[in-house]
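Open the model in your viewer and keep the sequence panel beside it. The stops below say what to select next and what is there.

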Amino acid sequence: MKTRLFSPTTIGRFTITPPSALAKLSTATIPLILGSKGAFGSGEHETTSACLELLPVVPGLAGAKALDLGSGTGILAIAAARLGAATITAVDLFWDAAHSCQENSDLNGVTAQVHTVCGELGCLHLHDLDLVMANIYADILLPLAEQLVNCTRLGGHILLSGIPLQDKFDVWHRYTSLGCRDVDSRIGEEYATYLLQKE
């Protein structure tokens with residue numbers, strides 16, 4: 001993965017920072033330490049930013065069991081851990097991304113909470129999740145909709161992003177037809193993000 005230097009960036013309640021700048025941060029935000037920024041999600045993209053803005057409004061995160069599908073650097077899994085989630089399964093198809101997630105979990109001291117997996121959702125047997133996060137493409141969110149809803153407990157939440165604006169109605173309709181309701185959303189310049197609750 002290509003490494004580049006970066007400055008701390010604040011998004012909602014979080015500040016994404018390299019380890020070297022940690023000591024200089026205000027205690028008013030929650031630090032998310034990334035050892036490097038590359039192709040696997042650093043918070044700059046509007047989809048990741050929207051997820052980080054919505055995560056703190058998810059009720060009942062303390063002690064929660066969660067999934068981060070398409071975890072990349074692990075930024076959403078780490079953010080959920082920082083908000084008190086007890087266990088987060090961070091899954092990515094790509095070894096480099098899974099390795100990056102593991103390294104960043106180590107840097108943030110959340111390896112006891114974040115369990116990194118390189119593989120596919122179908123390889124796991126997850127159920128009764130309190131929170132499912134999936135910042136991936138709409139053409140993956142649509143065929144996986146039933147699986148993602150089924151592994152979420154009643155009353156649990158599903159955070160979806162990476163949805164191009166032209167696909168937002170299709171994704172919204174698919175998940176609401178499976179028994180989810182809108183809780184909140186962010187409509188960006190190019191992508192939509194939905195926070196849903198399974199009823």
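Start by selecting Phe6, which lies in the segment before strand 1 (9-11); strands here are DSSP runs of E with at least two residues, numbered from the N terminus. This is a predicted model, in which local features need pLDDT of at least 70 and side-chain atom pairs count only at pLDDT 80 or more, while totals for chains, interfaces and linings use all residues. Residues are numbered from 1 along each chain as its sequence is written, and side-chain values use heavy atoms, with hydrogens and water left out.

Is Phe6 buried or exposed? Phe6 is buried, at 13% relative accessibility (buried means under 20% relative accessible area, exposed over 50%, partly exposed in between, with a 1.4 Å probe and protein chains only).

Next, select strand 9 (residues 180-187) and strand 10 (residues 191-198), which pair in the antiparallel sense over seven bridges; pairing requires at least two bridges found by DSSP. The two strands form a hairpin, with three residues between strand 9 and strand 10. For one of the bridges, pick Asp184 and its partner in strand 10, Leu195. In a regular strand, side chains alternate between the two faces of the sheet.

Finally, select the cysteines. How many disulfides are there? The count is zero, where a disulfide is a pair of cysteine sulfur atoms within 2.5 Å. The closest cysteine sulfur to that of Cys118 belongs to Cys123 and is 9.7 Å away, too far for a bond. Cys151 is in no disulfide either, as its nearest cysteine sulfur, that of Cys180, is 11 Å away. Cys118 is partly exposed at 37% relative accessibility, whereas Cys151 is buried at 5% relative accessible area.

Terms used
Helix = DSSP H or I, 4+ residues; strand = E, 2+ residues; numbered from the N terminus.
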